[in-house]
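Morning, everyone. Please bring the model up on your screens, and we'll walk through it together.

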Protein chains: 2
Amino acid sequence: MADERYRVQSLGRALDLIERIAEAGQAGARLTDLARDIGLSKPAAYAMLATLRARGLVVDFGEGMTRRYRLGLSFVRFGDQAVANTGLGDVAMPILRELTQEVGLTSRVAMLDDGFAVVIGRVDGPGAIRFAAALGRREAPHCSGVGKLLLAAMPRDEALSILERVGHERRTPNTLASLDALGADFDRIAVQHYAVDDEEDVEGIICLAAGVFGPSGQAVGAISVTTLKQLLPSEVVPSVVEPLLRHADRISLALGGQPAALAWAGRSKGARA
Amino acid sequence: MADERYRVQSLGRALDLIERIAEAGQAGARLTDLARDIGLSKPAAYAMLATLRARGLVVDFGEGMTRRYRLGLSFVRFGDQAVANTGLGDVAMPILRELTQEVGLTSRVAMLDDGFAVVIGRVDGPGAIRFAAALGRREAPHCSGVGKLLLAAMPRDEALSILERVGHERRTPNTLASLDALGADFDRIAVQHYAVDDEEDVEGIICLAAGVFGPSGQAVGAISVTTLKQLLPSEVVPSVVEPLLRHADRISLALGGQPAALAWAGRSKGARA
DNA sequence: GGATTTGTTTCGCTATACGAAACTAAGTTT
DNA sequence: AAACTTAGTTTCGTATAGCGAAACAAATCC
């Protein structure tokens, strides 16, 4: 099944097209650019766009020579459906709202998907500082709070295998780029039950994450709060960690899962199961 | 461009496939059923699924004869991007949260897309009563609060043309199924600045909607609150309408648009522009 | 254990996705 | 304002690749 023989080439190209349109964002993408970027002729791209447009998956605007394409609202349903499928999104969102209200920070929920931490829900904090916390963003597992937490919660060899596969390159001076440093951090996370991304992905941004655990004690996801490092002096970190862990446990319990204390305690012995 | 000649058939079939998988929801869909439903051979559907799976657009679970497919998290990013493109989603969500907190009811934002009101954001209310308010859902324009509001805000002939195109059939005893009844309701909405779906779509459900207006005074979207009819006696309706209109105006202003009073007043004379 | 059903793989035919080229129309330059 | 450029649209012939038939493998049912 992982075999590359059984693929539909034209569908793959159409997905490339969608990818490029998504990258173009609100500004939209032009036919000629799209065709060139995905290595297709204009008529071919034109036909694909017409097909996607008929389904509402892309919309066009502008007339004549300046027609542009962007993603259409038909994607909304599919994206929401994908989140609903996880079972985590709907449970987490109301609690995330309470967390954001309590600590006054932007909060998120993420799950591991193909080695990356995918953000499936967010609640923007108050104030002018907005973080471009796009849903569906794939956060690198080695330099994001949610990513490190989810890796720390799984058997060590699996975590290392993921790191090897998706990489763990340096992004800032603070990034834990070596497997040794990451392993030590995982150990600390397992003891303290929360992960810290201290300017390891983007300079100036700090992020605290806690795990959400299922019935068997394995981590099904993670929640986090994000803010500017300068707004979170180290002495107030505990006052944020406490509600973070508390609300994470509430989500775990709402899912019928284990609280963090139980899950982390049972992790080492259950790891080989 | 609306011409049906220039289409990519295989892409269209793949989109049918995605549609069916979305319909199957959390339970997932099986290869054989999918192939049959979209009128394709098993090998063809198999290749499409492999292509989609490689991109994370579908995920499979279960082994052997009971393998099932559901939508994958890669759709999340596209859905969020589509909402972000509208410019309305990100502005409306924080205010929607305040609205839900203030009135204690589930709230939503919707936009008109291809004749239907598409829900692009929601905040679930507290309490056990959850409404399956899926994002991306296309609400019929004639029997939903947001739909009727958006139709009432546009030139009457355009509204009628949409109703003719997408239909306006009866769903409950309360549904306004005639164009006359709908027209009268549009007139009332234009005067009172809010729309009511009083068990017109689903029995037992009531919904109040208010408009969000852009700089030129045209409606760019609508927000609504929904609850069980029996929980909202008519004497308390005004106490919900007031914050609804107030927060809707806040969204309009945040977009650089006009408040409802101005927009509705300027509607008739600007209609032919 | 045989029968049935589902997923997987092979393979050959032809439908169809693709590119070349021509066309139209909207900007841009001189 | 005419020549030039650039973008989108349409036509059409061809070779590719998408498709179905058939066979295979593996799991479930009776």
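This is a predicted model: local features need pLDDT of at least 70, side-chain atom pairs count only at pLDDT 80 or more; totals for chains, interfaces and linings use all residues.

Two strands count as paired if DSSP finds at least two bridges between them.

S6(B) and strand S7, residues 205-213 of chain B, pair in the antiparallel sense over 5 bridges. Between the two strands of this hairpin sit 6 residues. Glu199(B) there takes a positive phi near 60°. Is strand S6 of chain B mostly covered or exposed? Mostly covered: 4 of its 5 residues, 194-198, are buried.

Now over to chain A. Here S6(A) pairs with strand S7, residues 205-213, also antiparallel, over 5 bridges. Step back to the whole sheet. It is open, it has 6 strands, and in chain A the order runs S5-S4-S3-S8-S7-S6. The pairing is antiparallel. Which strands sit at the edges? Strand S5 (138-139) and strand S6 (194-198) of chain A, each pairing on one side only.

Next, how the two chains relate. Chain B can be laid on chain A by a turn of 180° and a shift of 0.0 Å along the axis, with an RMSD of 0.0 Å. The two copies are therefore related as by a two-fold rotation axis. Which residue of chain B has its C-alpha nearest the axis? Gly79(B), at 2.4 Å from the axis. Both copies use the same surface: 100% of the contact residues of chain B recur in chain A.

On to that contact. Chain B gives 47 residues and chain A gives 47 residues. On the side of chain B that touches chain A, the elements giving two or more residues are helices H1 (9-24), H3 (42-54), H4 (74-86) and H5 (89-103), plus strands S2 (68-71) and S4 (116-123). H4(B) has the largest share, 11 residues. By class, that side of chain B has 26 nonpolar, 11 polar and 10 charged residues.

Now the core. The largest nonpolar core has 174 residues, and Ile120(A) and Ile120(B) touch the most other members. Take Ile120(A). Leaving out residues up to four places away in sequence, Ile120(A) touches residues of chain A including Val83(A), Leu88(A), Val109(A), Met111(A) and Leu135(A). Ile120(A) also touches Leu73(B) and Val76(B).

Last, the DNA. Of the 23 residues around DNA strand C, Ser41(A), Ala44(A), Gly64(A), Gln9(B) and Thr32(B) come nearest. At least two residues of this surface come from each of H1 (9-24) and H3 (42-54) of chain A, and from each of H1, H2 (31-37) and H3 of chain B. H3(B) gives the most, with 3 residues. The classes are 10 nonpolar, 7 polar and 6 charged.

Then strand D. How many residues surround DNA strand D? 24, and the closest are Gln9(A), Thr32(A), Ser41(B), Ala44(B) and Gly64(B). Here H1, H2 (31-37) and H3 of chain A, with H1 and H3 of chain B, each supply at least two residues. The surface near DNA strand D divides into 10 nonpolar, 8 polar and 6 charged residues.

That's the tour. Over to you.

Technical notes
Residues are numbered from 1 along each chain as its sequence is written. Chains are lettered from A and ligands numbered from 1 in the order in which they are written. Two residues are in contact if their C-beta atoms, placed from the backbone, lie within 7 Å. Ala, Val, Leu, Ile, Met, Phe, Trp, Tyr, Cys and Pro count as nonpolar, Asp, Glu, Lys and Arg as charged, and the others, Gly among them, as polar. A residue is near a molecule or strand if its C-beta atom, placed from the backbone, lies within 6 Å of it. A nonpolar core is a set of buried Ala, Val, Leu, Ile, Met, Phe, Trp, Tyr and Cys residues joined through C-beta atoms within 7 Å. A residue is buried if 20 or more other C-beta atoms lie within 10 Å of its own, exposed if 12 or fewer, and partly exposed in between; C-beta atoms are placed from the backbone. Copies are superposed by least squares on the C-alpha atoms of residues with pLDDT of at least 70 in both.
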